[in-house]
Amino acid sequence: PVSLLGTLPGMLALMPGGLPRIEHAGFDVRTMTVAVLVTLAVGLLTGLAPALRAARLDLGQAMKAGHQPAGWRRALGLRGGLVAAQVALAVVLAVGAGLLVRGYASLLRWEPGFDRSQLLTFWTYASMGSYEDAARVSALFTRLEGEMRSLPGVTSVGMTSSGPLFGGDESGEFLPVGGDSSAAPMAARWYDMSPSSLPTLRLPLRLGRLFTDEDGAGAPRVVLINEAMARRYFPGAVPVGRAIRRRNDPTPLTIVGVVADIAPFVPGQAAAPEIYWPQRQSPRWASYFVLRTSSDPSQLARAVAARLAAVDPDLQPSSVQTMDDLVDRE
């Protein structure tokens with residue numbers, strides 16, 4: 001108990017931020033006492049029966065019986081079966097523990113493919129009653145992006161509908177424009193984002209260009225794809241300049257760039273094909289914000305809430321956390 005009490009501060013320090021009721025964690029003396037007594041009782045009870053049996057054992061008869069087939073069969077009866085079951089269960093536990101440790105070690109080495117340091121994330125929702133159409137909600141989020149950028153210590157701001165970092169998993173089927181309509185469709189996850197999102201994450205551009213402020217409502221529809229999609233559906237070809245469309249939608253979407261993959265949180269799982277398009281060409285009433293800062297990002301939570309309320313008292317930040325907290329939680 002003394003050694004366990006000594007390790008408590010260290011264990012609490014390893015816990016991820018925001019874990020519910022972590023401040024109440026501790027060792028209870030009564031619980032520890034009961035655990036020690038139960039352990040001693042189990043040890044005494046399990047050792048008592050073999051000890052009594054050994055005390056009454058005739059060694060001479062036991063040695064003679066041990067050389068007979070019947071003696072071996074009795075010896076390898078119930079006790080032998082219990083030993084075999086115990087060994088089998090121990091092997092299962094050892095293998096499970098090894099897989100758990102290997103998975104945990106993989107998560108510790110997880111590299112998302114972008115710079116995750118000094119990032120603050122949150123999401124907010126605009127009421128459809130106050131912002132009735134796409135133009136109004138687009139103007140609101142454009143203003144909010146500027147307001148977040150003006151906060152002290154913020155160096156860059158981006159917005160996204162969700163994406164692989166926040167658990168989003170919207171997917172669809174896409175077809176090449178002018179291609180064989182009977183060909184198998186391209187399956188991909190899709191997300192929308194502001195032009196500054198990928199620069200804020202510092203996600204590398206592999207080919208072509210990123211979104212700009214010119215890619216807004218009324219402009220030709222454009223998209224970015226990740227490397228996984230380029231490898232799977234455009235092997236040995238340059239995807240930039242190609243046009244695709246969503247199934248049951250004839251609107252052409254021109255690929256203008258290829259960006260690096262964002263690695264999934266699942267160890268050993270490869271990145272899935274992903275498509276990104278400009279948020280201003282497909283605005284929504286909810287959005288995630290990603291703020292890159294020059295100092296501790298967690299110190300900006302109150303300033304973010306105050307700035308949102310100054311724009312619209314109904315706007316509230318939710319799931320406010322640093323990117324490191326998000327990774328620790330996973």
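Arg-202 lies in the loop between α7 (197-201) and β5 (205-208), and that loop is a handy place to start on this predicted model. The phi angle of Arg-202 is near 60°, which is a positive value in a residue other than glycine. Zooming out, the protein chain has 10 helices and 11 strands, and 32% of its 330 residues count as buried. The points below go from the whole chain to the strands, then a helix pair, and then a handful of loop residues.

**The chain as a whole**

**Strands around β4**

- Take β4 (residues 186-193) to begin with: 6 of its 8 residues are buried, so the strand is largely enclosed by the rest of the structure.
- β4 pairs with β3 in the antiparallel sense, over 4 bridges.
- Within that pairing, Ser-171 stands opposite Arg-189 in β4.
- β4 also pairs with strand β9 (residues 274-278), this time in the parallel sense and over 5 bridges.
- If you want a spot to look at there, Trp-190 has Ile-275 in β9 as its bridge partner.
- β3 has a pairing with strand β7 (residues 243-246) too, antiparallel and over 3 bridges.
- In that one, Pro-176 is bridged to Ile-244 in β7.
- Put together, β3 pairs with β4 and with β7, while β4 pairs with β9.

**The α6/α9 helix pair**

- Helix α6 (residues 134-149) packs against helix α9 (residues 301-311) at an angle of about 140°, with the two axes 10 Å apart.
- That angle makes α6 oblique to α9, the cut-off for roughly antiparallel being over 145 degrees.
- The crossing of the two helices is right-handed.
- On the α6 side, the residues that meet α9 are Leu-140, Arg-143, Leu-144, Glu-147 and Met-148.
- Their counterparts in α9 are Val-304, Arg-307, Leu-308 and Val-311.

- Ser-161 sits in the loop between β2 (154-160) and β3 (171-176).
- Its relative accessibility is 11%, so Ser-161 counts as buried, given that buried means under 20%.
- Leaving out residues up to four places away in sequence, Ser-161 touches Tyr-191, Asp-192, Gln-279, Arg-284 and Tyr-288.
- Two of those names, Tyr-191 and Asp-192, fall in β4, which spans residues 186-193.

**Loops on either side of β9**

- Arg-280 lies in the loop between β9 and β10 (286-293).
- With a relative accessible area of 23%, Arg-280 is partly exposed.
- Beyond residues up to four places away in sequence, Arg-280 touches Ser-138, Thr-142, Glu-145, Asp-213, Asp-215, Gly-216 and Ala-217.
- Among these, Ser-138, Thr-142 and Glu-145 belong to α6, the helix of residues 134-149.
- Ala-271 has its place in the loop between β8 (253-259) and β9.
- At 18% relative accessibility, Ala-271 counts as buried.
- Ala-271 and Ala-228 are 43 residues apart in sequence, and their C-alpha atoms are 6.3 Å apart in space.
- Setting aside neighbours within four places in sequence, Ala-271 is in contact with Ala-228, Asp-261, Ile-262 and Pro-264.

- Ser-319 lies in strand β11 (residues 318-322), whereas Arg-202 is in a loop.
- Ser-319 is partly exposed, with a relative accessible area of 45%.

Definitions and conventions: Residues are numbered from 1 along each chain as its sequence is written. This is a predicted model: local features need pLDDT of at least 70, side-chain atom pairs count only at pLDDT 80 or more; totals for chains, interfaces and linings use all residues. Side-chain values use heavy atoms; hydrogens and water are left out. Buried means under 20% relative accessible area, exposed over 50%, partly exposed in between (1.4 Å probe, protein chains only). Contact means heavy atoms within 4.5 Å. Two strands pair if DSSP finds at least two bridges between them. Axes are lines fitted to C-alpha atoms, for helices over the stretch in contact, and angles run from 0 to 180 degrees between N-to-C directions. Angles under 35 degrees count as roughly parallel, over 145 as roughly antiparallel, 65 to 115 as roughly perpendicular and the rest as oblique. A crossing is left-handed if the near helix is turned anticlockwise from the far one by less than a right angle, and right-handed if clockwise.
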